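Thanks for coming. I have one structure to go through today, and I will take it piece by piece.

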Amino acid sequence: MYKLLKKEGMAKRGEFETVHGTIQTPVFMNVATVAAIKGGVSTEDLEQIGTQVVLSNTYHLHLRPGDDVIYKMGGLHKFMNCKQPILTDSGGFQVFSLSENRKIREEGVYFRSHIDGHKLFMGPEESMRIQSHIASTIAMAFDECPSARAEHEYVKMSVDRTTRWLVRCKKEMDRLNSLPDTINKNQMLFGINQGAIFDDLRIEHAKRIADMDLDGYAVGGLAVGESHEEMYHVLDVVTEHLPKNKPTYLMGVGTPANILEAVDRGIDFFDCVYPSRNGRHGHLYTKKGHLNLLNAKYELDDRPIEEGCQCPACRRYSRSYIRHLLKSGEMLGMRLCVLHNLYFYNHLTEDIRKALDEGRFKEFKNKTLEGFKEYDTEDSQFKYDIAKGWKKG
RNA sequence: UCCUCAAUAGCUCAGUCGGUAGAGCAUUCGGCUGUUAACCGAAGUGUCGUAGGUUCGAGUCCUACUUGGGGAG
């Protein structure tokens, strides 16, 4: 059940009750595609980071280890020792990201495994069955995520099919939840709005799925090639047509600035690979903007990644040391960076909730966005002198 | 002392029949949005050991020298 606690403009502060605990929204969901947060982050680490929800993936878990294995092991929570709510993406995004290895038909999608090349079929029913086996808290509808550059005609055809798939998803989910051997009989289903960057398709689709009384509504097919302005415009257009008493989820987004802007447009749930993937690549998020720890100017920087940050990396290690670990290809370097970035994202959404509670979200948003610009204009305190090499001051 | 092999980018090495040099790594800088991504992309750098010679033209052929490896004594 979703409870709206407070509203400021379109921005919502809410609570979402699940069988695995209550989620405070807006919330960032931490991506663990193959039942692991890449970079060596364990479920014990989640407490330190301050996470609420974990996200995993139907397609990837189906391929390996197999949803039958997870079912026999008692469901994903038990399997990966996770006590927090878990949302599983349906495999719909792999229709987009693995587009070289699949064919889309009315009945579903024929994939060729990216691991060993074998053929497999996934339609709405298969996706629901796999997610029911996995026994996640929230299942996502099986959809097609078309490219942002797709033409109106194609997107219309695709969205209509995604709607028909949603009807099949709902029917199959209801059936699965009533079976005696189902692990999580309260598994919830979120529908996904599509329509690329076309207002008419987005609105028409939003209205159609809003009538279906689902547990939540996602906006999908964004951050797949369109500009930030186009993305924000779609949110402006779409969120008002989605049910007010249900959570909204902007799939796969985004940068810290994207999240602030999307909360301001009524989004409750987020997920993104940025903090984990970029962490592994040395790209760190801070309140002053992002920094690339691989840059030579941090070689002799004895400050933490972010001053005052209470994450496991910043409490103990310098930029200089973590940079060394990254350059040496050491696991610890990636792990510390991922921990920092996830800590940053989860605490950013915590700060957003606090600001909403206190009715000062607008002010918080503007101030935070302003802060992100600082590193863009910063004159580094570490400068390169051709004769003397890197030097402080 | 002699024989022999080598010497090319910061490092390890390619370089055809003589036509003024490339790769990998390293370095520097980018990119990454429901993860096929500890990934991908771009850039910079050379007295081709030194000095001569042959040639229209030499990293490449010849001579000497220098340095290093291996061998003989």
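Let me start with a helix pair: the axes of helix α10, residues 256–263, and helix α14, residues 361–372, come within 10 Å and cross at roughly 160°. That angle makes α10 roughly antiparallel to α14, and the crossing of the two is left-handed. Keep in mind that this is a predicted model.

Which residues of α10 and α14 make the contact? From α10 there are P256, A257, L260, E261 and V263. From α14 there are F361, F364, K365, T368, L369 and F372.

Staying with α10, how many of its eight residues are buried? Seven are, so α10 is largely enclosed by the rest of the structure. The buried ones are P256, N258, I259, L260, E261, A262 and V263. Of these, P256, L260, E261 and V263 also belong to the contact with α14.

Helix α10 comes up again as part of the cover over helix α9. Helix α9 spans residues 228–238, and its buried residues are M231, Y232, V234, L235, V237 and V238. What covers them includes α10, α8 (199–210), and the strands β11 (188–193), β12 (216–219) and β13 (248–250).

β11 and β12 run parallel and are joined by four bridges. One bridge pairs I192 with A218 in β12. In a regular strand, side chains alternate between the two faces of the sheet. In β12, both faces are covered: G216 and A218 are buried on one side, and Y217 and V219 are buried on the other.

Now α8, from its other contact. The axes of α7, residues 152–177, and α8 come within 11 Å and cross at roughly 10°. That makes α7 roughly parallel to α8. On the α7 side the contact has H152, V155, K156, V159, D160, T162, T163 and L166. These meet D200, L201, E204, H205, R208 and I209 in α8. The residues of this contact divide into five nonpolar, four polar and five charged.

Strand β2, residues 11–18, pairs with β3 over five bridges. One of the bridge pairs is E15 with Q24 in β3.

Last, a single residue. Y375 sits in helix α15, residues 374–377. Is Y375 buried or exposed? Y375 has a relative accessible area of 14%. The cut-off for buried is under 20%, so Y375 counts as buried. Leaving aside neighbours within four places in sequence, Y375 is in contact with T286, K288, G289, H290, L291 and R319. For H290, the separation from Y375 is 85 residues in sequence and 6.9 Å in space, C-alpha to C-alpha.

That is the end of my part.

Conventions:
Residues are numbered from 1 along each chain as its sequence is written. Chains are lettered from A and ligands numbered from 1 in the order in which they are written. This is a predicted model: local features need pLDDT of at least 70, side-chain atom pairs count only at pLDDT 80 or more; totals for chains, interfaces and linings use all residues. Side-chain values use heavy atoms; hydrogens and water are left out. Two strands pair if DSSP finds at least two bridges between them. Axes are lines fitted to C-alpha atoms, for helices over the stretch in contact, and angles run from 0 to 180 degrees between N-to-C directions. Angles under 35 degrees count as roughly parallel, over 145 as roughly antiparallel, 65 to 115 as roughly perpendicular and the rest as oblique. A crossing is left-handed if the near helix is turned anticlockwise from the far one by less than a right angle, and right-handed if clockwise. Contact means heavy atoms within 4.5 Å. Buried means under 20% relative accessible area, exposed over 50%, partly exposed in between (1.4 Å probe, protein chains only). Ala, Val, Leu, Ile, Met, Phe, Trp, Tyr, Cys and Pro count as nonpolar, Asp, Glu, Lys and Arg as charged, and the others, Gly among them, as polar.
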